[in-house]
Amino acid sequence: MEDLRVKGILSRVEQDCTRVFGSNLVGVYVHGSVAFGCFCWENSDIDLLVVTKEEPGLSEKEAFLCALLQLDAQCPEKGLEFSVVLEKYCRDFVYPTPFELHFSNAHKAGLLAGVKDGAEVRSAPYLKAAGGERRICADAVREYCRGMRGTDKDLAAHFTVLRSAGVVLCGKEIAEVFGEVPREAYLDSIWEDVAGAGDEIAENPVYVVLNLCRVLAFLKEGLVCSKAQGGEWALENLPGNFSGRRVVERAAECYRTGEKFFAGNRLVAGRTNCRPPAEQLSAETEIAETEISTDELRVFAEAMLTQICRARECGKQVVCQDA
């Protein structure tokens, strides 16, 4: 956590959790790219798990969500992602895992949609949106907190990462709180994240490519790794004649630097200011040399999914080859 901006955000989160949940708080834990040490402000979000002894009340959920929304303007573009989970489900693992509250950037639109002219608004929370900063109405927050409760398969992956590389922001040690996650639950969780790779890779190539790599790394060697580490593993272990190597190389570079990923004639998955207008690959020859087509991305996804499925079925190491 070398980025001072991230340290400042996490300090605020710790204070807010302690203030809102009080003696009900078991601990606050950091996972994802921050914990793995490969956080990139342009490409990463900040992943958190909040553990409580008992179910928080609706007013506590509202207060906590509003407190974190106040941090939104200080956060990276991909924002904060957090889940509030009961201690009993962390210690004695259940799959899919129940959660008490969840929030990520994907839910911003729903909260903004709840804002109406003349509606009651909280005094402080704002969200970054395409049209600038906007207030969140109290009714939207209340309804969100009332309805955002259920089960989440992703928590199996989050718990596994915590046990491998997590960071305690405050509270009990990880080993005291989080019990072992069965291999099949973890595998099913990460499989859910890549099962639609063939359809999703063109829209989000960096995320999908590196996720495919880390799923295969787990199946072949039992490695629990970040997206960045998954890309590194693939480049070290994929055969030299595997045509998808340049896809992995480009995705890994974009993730590390925040550059855009060129797919066909579109720019996707990267920061908006990484390349000045004068340097937007205007020469056709340069485009031809650096561009990776959407068809090439889909072929890569199909090849990787084939290998993942084979490895999952036979439970032993496989050799990657072109599909």
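A pocket here is an open set of grid points with protein on both sides within 12 Å along at least five of seven lines, and its lining residues have an atom within 4 Å of a point. Helices are DSSP runs of H or I with at least four residues, numbered from the N terminus. On those terms, α11 gives the most to the lining of the largest pocket, with five residues. The model is predicted.

**Largest pocket**
- The largest pocket holds about 1000 Å³ of space.
- Its lining counts 38 residues; Asp45, Asp47, Glu81, Tyr207 and Lys227 lie nearest the centre.
- Two or more lining residues come from each of α2 (32-36), α7 (154-165), α9 (183-194) and α11 (205-221).
- By class, the pocket lining has 13 nonpolar, 15 polar and ten charged residues.

**Cavities**
- Two cavities reach 30 Å³ or more.
- The largest cavity has a volume of about 60 Å³.
- Leu68, Leu69, Asp72, Cys75, Gly79, Leu80, Phe82, Phe103, Asn105 and Lys108 line this largest cavity.
- α3 (58-70) and β3 (80-86) each supply at least two residues of that lining.
- Six nonpolar, two polar and two charged residues make up the lining of the largest cavity.
- The second largest cavity holds about 50 Å³.
- Around the second largest cavity sit His31, Asp47, Leu48, Leu49, Glu81, Phe82, Ser83, His102, Asp152 and His158.
- β2 (46-52) and β3 each give at least two residues to the lining of the second largest cavity.
- The lining of the second largest cavity has three nonpolar, four polar and three charged residues.

- Phe82 is in the lining of the largest cavity and in that of the second largest cavity.
- Asp47 and Glu81 line the second largest cavity; they are also among the residues nearest the centre of the largest pocket.

**Sheet**
- Five strands form an open sheet with mixed pairing, in the order β5-β3-β2-β1-β9.
- β5 (101-103) and β9 (167-171) are the edge strands, each pairing on one side only.
- Neighbouring strands are turned by 15° against each other on average, direction ignored.
- β2 and β3 pair in the parallel sense over seven bridges.
- Leu49 has Ser83 of β3 as its bridge partner, and both residues line the second largest cavity.
- α3 packs on the sheet and touches β2, β3 and β5. The direction of α3 makes about 160° with that of β3.

Methods
Residues are numbered from 1 along each chain as its sequence is written. This is a predicted model: local features need pLDDT of at least 70, side-chain atom pairs count only at pLDDT 80 or more; totals for chains, interfaces and linings use all residues. Side-chain values use heavy atoms; hydrogens and water are left out. On a 1 Å grid over the protein atoms alone, a cavity is a set of points where a 1.4 Å probe fits but cannot get out, and a pocket is an open set with protein on both sides within 12 Å along at least five of seven lines; lining residues have an atom within 4 Å of a point. Grid points are joined across faces, edges and corners, and a volume is the space filled by probe spheres set on the points. Ala, Val, Leu, Ile, Met, Phe, Trp, Tyr, Cys and Pro count as nonpolar, Asp, Glu, Lys and Arg as charged, and the others, Gly among them, as polar. Two strands pair if DSSP finds at least two bridges between them. Axes are lines fitted to C-alpha atoms, for helices over the stretch in contact, and angles run from 0 to 180 degrees between N-to-C directions. Contact means heavy atoms within 4.5 Å.
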